[in-house]
Structures are given as C-alpha cells and as structure tokens.
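Open the model in your viewer and keep the selection tool ready. We will go stop by stop.

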Amino acid sequence: MAKSESHRRAQRRAAGPGGTTEKKQKGGTRLDALSQGGKRATEVERSGSKQGLKKAAQRLKKAEGDGASQRVLQVPQADMAAAAAAMRDVGVSGSVKNMGGTKRHSV
C-alpha cells in the first residue's frame, strides 16, 4: 500500500537535512528515516493497530544493532500509550512522540 502524503512528510522531517528515508535493513525491511550520521532512527506508524506498532518497534530494534543510539517511534497522540506498550513488549528503548512533536515519552 502506498504511503500517504502526511506519512512521507513526517519521514522527511524526521530524517532532517542530509538524512535518508526508506533505509534498507537486513531481512528486507526498510526503516522510515535515519538522521545524518546514523545516530537517530525514526519509525512513523499512523495506523494505530497493535500489529503495526509492534512491527515498527521491531524495525527500531534492528536499527539499534546498526548503530542508531536514539530510537523514536512517531505516532498520532491518541496512540502514544499503545506505542509505548509495543516498544516495551519488543524490548527496545527509545522515545515515543506525537506527530506534531509537542509530546514525548521515554520508554
């Protein structure tokens, strides 16, 4: 399924200047955004489904092995609690932030 314009916009904003979007990972998955220098990995998950949140958290966990010291799961504000729970279930530490960037929770 094609990504919405708001999803792509969030990817570009998360990557920042000089960063990359759709970074290939081992196993055929793709990380939404990786900042310049590869220190911050960001996954944008707008669906809100538990399965989608867990898959996004697993992609962030894979990025941890690739050297990303900061991991961010970006979701709509209504899904922030579920996203934090998904990150705990998968066993990855990082931050959950809302789409506007006004709220952030550490996991």
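Start by selecting Lys3 and Glu22. They form a salt bridge, with the closest N and O atoms 2.4 Å apart. A salt bridge here is a side-chain nitrogen of Lys or Arg within 4 Å of a carboxyl oxygen of Asp or Glu. Lys3 lies in the segment before α1 and Glu22 in strand β1, so the pair ties together parts 19 residues apart in sequence. Helices (H or I, at least four residues) and strands (E, at least two) are DSSP runs, numbered from the N terminus.

A word on what you are viewing: this is a predicted model, where local features need pLDDT of at least 70 and side-chain atom pairs count only at pLDDT 80 or more, while totals for chains, interfaces and linings use all residues. Residues are numbered from 1 along each chain as its sequence is written, and side-chain values use heavy atoms, with hydrogens and water left out.

Asp32 sits in strand β2, 29 residues from Lys3. Is Asp32 buried or exposed? Asp32 counts as buried, because its relative accessibility is 3%. Buried means under 20% relative accessible area, exposed over 50%, and partly exposed in between (1.4 Å probe, protein chains only). Lys3, at 32%, is partly exposed.

Next, select Arg8 and Glu5. This salt bridge spans 3.0 Å, N to O. Both residues lie in helix α1, three residues apart, about one turn of the helix.

Stay on α1 (residues 5-15). Pick His7, Ala10, Gln11, Ala14 and Ala15, which are buried. They are on the same side of α1, because they cover an arc of only 130° around the axis. That arc is taken from the directions from the helix axis to the C-beta atoms. Among the elements covering these buried residues are β1 (20-24) and β2 (30-34).

Now for the core. Select Ala41, Leu73, Val75, Met87 and Val96. These have the most contacts inside the largest nonpolar core, which has 19 residues. Such a core is a set of buried Ala, Val, Leu, Ile, Met, Phe, Trp, Tyr and Cys residues joined through side-chain atoms within 4.5 Å. Its largest share, six residues, comes from α3.

Last stop: Ser69. Find it in the loop between α2 (50-65) and β4 (70-75). Ser69 counts as exposed, because its relative accessibility is 52%.

Note on methods: Contact = heavy atoms within 4.5 Å.
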